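Subject: Structure for your files

Hello,

Here is the structure I promised to pass on. My notes on what was found in it follow below.

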Amino acid sequence: MLSLDGRGPLYLQAYAAVRRAILAGHFAAGERLPSTRALAVELGVSRTVTLKAFEQLGAEGYLIGEKGSGTYVTEALPDGPILAARPRFNQSAIAVEPRFSRGGLRIIAQGPLVEHPRARNLPYDFEYGFAPPEPTSRKAWRRLLARAAKSGDLDYAPPQGSDRLRAALVQHLERNRGIRCHADQIVVLNGSQQGLDLCARILLDPGDHVLIEDPHYQGARAVLLAAGARLVPVPVDEDGLDVLAARRIRSRPRLAYVTPSHQFPTGAVMPLARRMALLDWAADRGAFIIEDDYDGEFRYQGRPLEAVQALDGRGRTIYVGTLSKVMFPALRLGYVVLPESLVPAFRAGKWLADRHSASLEQEALALFMESGLYEQHLRRMRRRHESRRATLVEAIDHHLGARVTVMGTDAGIHLVLWLHGVQPTELGRVIARAEEHGVGLYSIAPYFLNPPTCAGLLLGYGALDESEIQEGIARWAEVFVG
């Protein structure tokens with residue numbers, strides 16, 4: 001941000017402007033300066049003016065030119081002692097203490113939920129929630145994304161998302177999840193997390209009660225607490241959320257958050273009878289159900305169960321879907337399937353939040369679905385995950401046997417391991433010893449509101465191949481079993 005002061009010849013004004021910037025520390029010692037041509041455009045003068053200014057600065061020892069590279073501020077400035085005595089600009093020294101709203105304080109209280117697990121850089125990391133796509137799918141995706149970039153519309157898009165993508169989602173959801181809806185009921189979002197955020201902001205007032213599974217997904221808990229909700233934890237058993245326990249609760253929750261297709265984190269699958277009971281509970285209490293189907297595409301045993309939304313004839317279910325598990329997390333696309341009564345509010349909320357989700361990615365995903373490549377990709381991922389799941393279960397049985405109990409193997413891309421003879425307070429030491437041997441393990445405890453009475457681990461198998469799974473469990477068993 002240079003400016004001329006209007007005093008004297010133009011080249012001297014340009015010289016003085018650059019010299020002031022150097023002495024003020026805006027151009028640091030050793031830093032490359034803009035070219036004389038770029039500087040001339042910025043100052044609104046001819047290049048001859050800036051060339052003469054640079055010559056004068058060079059003669060006085062402020063600048064040094066390197067052939068083929070550019071012009072740099074010298075390391076030893078002629079006014080070095082003056083510059084050293086000048087106090088450096090410190091943003092924190094003049095920053096005022098901010099006054100946050102109550103909502104802002106609730107957001108701050110949630111903080112960053114977890115560090116990115118892959119930052120640990122362990123060779124046998126049983127992280128959960130990530131499954132990189134195969135090379136065939138990556139290549140197809142790059143081709144379709146380039147095609148969308150070449151021919152796609154670059155104007156603002158409707159807040160509800162691409163018509164083409166929503167039509168493709170309608171067909172996919174009916175075939176794979178039993179959901180019958182029309183495109184107008186779908187709003188495309190930046191991942192399922194935005195869906196949860198919109199649910200909280202549109203449907204909750206501070207102090208409203210929300211039923212939530214215990215244990216549960218941390219991202220949902222954080223969103224609800226940031227909205228000022230009062231969480232009502234309901235225990236989870238081998239069939240998911242205990243609806244009878246929910247009926248014994250006297251409060252009248254506005255929402256219930258559930259993961260019925262593969263309960264997170266325990267892996268329980270909610271049977272049909274309990275799904276119907278949950279819908280009856282919602283109708284009796286006048287509540288909406290948030291059905292988070294984060295990895296329901298991956299089921300390995302038994303008949304595929306219809307989504308709760310597919311069974312709902314009373315408009316009480318908000319179905320939240322994501323592409324992060326089926327495709328990849330970098331594709332920040334998710335969606336909600338809404339009761340018709342909520343569509344206008346969610347479209348308005350999406351527009352206020354960020355206008356619309358990225359259009360080119362939506363166009364590419366629509367092409368991916370229309371071409372049949374998405375179904376092929378999904379079948380490949382299912383086969384791959386099923387093989388890795390079987391390998392993990394076999395390795396656990398072989399190396400750990402009766403020392404553990406395995407849960408949640410029917411679906412998803414992770415399972416739960418309950419450790420016998422280990423107290424929850426001892427689990428940190430178990431995880432640390434495994435990490436010393438290159439094995440990444442993750443505690444289930446952070447997902448509980450009421451602390452668990454047993455020590456449990458989440459083991460993801462989407463990011464490791466079969467040989468890595470076998471070696472990782474074998475290594476851990478050596479230090480755990482002894």
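**Aromatic residues**

At 16% relative accessibility, Phe480 is classed as buried, where buried means under 20% relative accessible area, exposed over 50% and partly exposed in between (1.4 Å probe, protein chains only). Trp476 is buried too, at 1%. Both residues belong to helix H18 (residues 466–480) and are four residues apart, about one turn of the helix. Helices (H or I, at least four residues) and strands (E, at least two) are DSSP runs, numbered from the N terminus.

This is a predicted model, in which local features need pLDDT of at least 70 and side-chain atom pairs count only at pLDDT 80 or more, while totals for chains, interfaces and linings use all residues. Residues are numbered from 1 along each chain as its sequence is written, and side-chain values use heavy atoms, with hydrogens and water left out.

The whole structure holds eleven aromatic pairs. The ring centres of Trp476 and Phe480 are 5.0 Å apart with the planes at 20°, so this pair is stacked. Rings of Phe, Tyr and Trp (its six-membered ring) pair if their centres lie within 6.5 Å; planes under 30 degrees apart count as stacked, over 60 as edge-to-face and the rest as tilted. One aromatic cluster is made up of Tyr128, Tyr217, Phe264, Tyr294, Tyr442 and Tyr447.

Two arginines sit over rings: Arg316 over the face of Phe288, at 4.5 Å from the ring centre, and the charged end of Arg355 over Tyr156, 4.1 Å from its centre. The criterion is NZ of Lys or CZ of Arg within 6 Å of the ring centre and within 35 degrees of the ring normal.

**Strands**

An open sheet of eight strands runs in the order S4-S11-S10-S9-S8-S5-S6-S7, with mixed pairing. Its edge strands, S4 (186–189) and S7 (240–241), each pair on one side only. Two strands pair if DSSP finds at least two bridges between them. Within the sheet, S5 (residues 209–214) and S6 (residues 230–237) are parallel over six bridges, and His209 stands opposite Arg230 in S6.

S12 (residues 404–407) and S13 (residues 414–419) pair in the antiparallel sense over four bridges, with Met407 opposite Val416. They form a hairpin with six residues between them, and Gly408 in the turn has a positive phi of about 75°.

**Confidence**

Mean pLDDT (the predictor's confidence in each residue, from 0 to 100) is 91 for the chain, and 94% of the residues reach 70 or more. Residues 81–85 fall below 50. Where pLDDT is low, the predicted coordinates should not be read in detail.

Regards

Note on methods:
Contact = heavy atoms within 4.5 Å.
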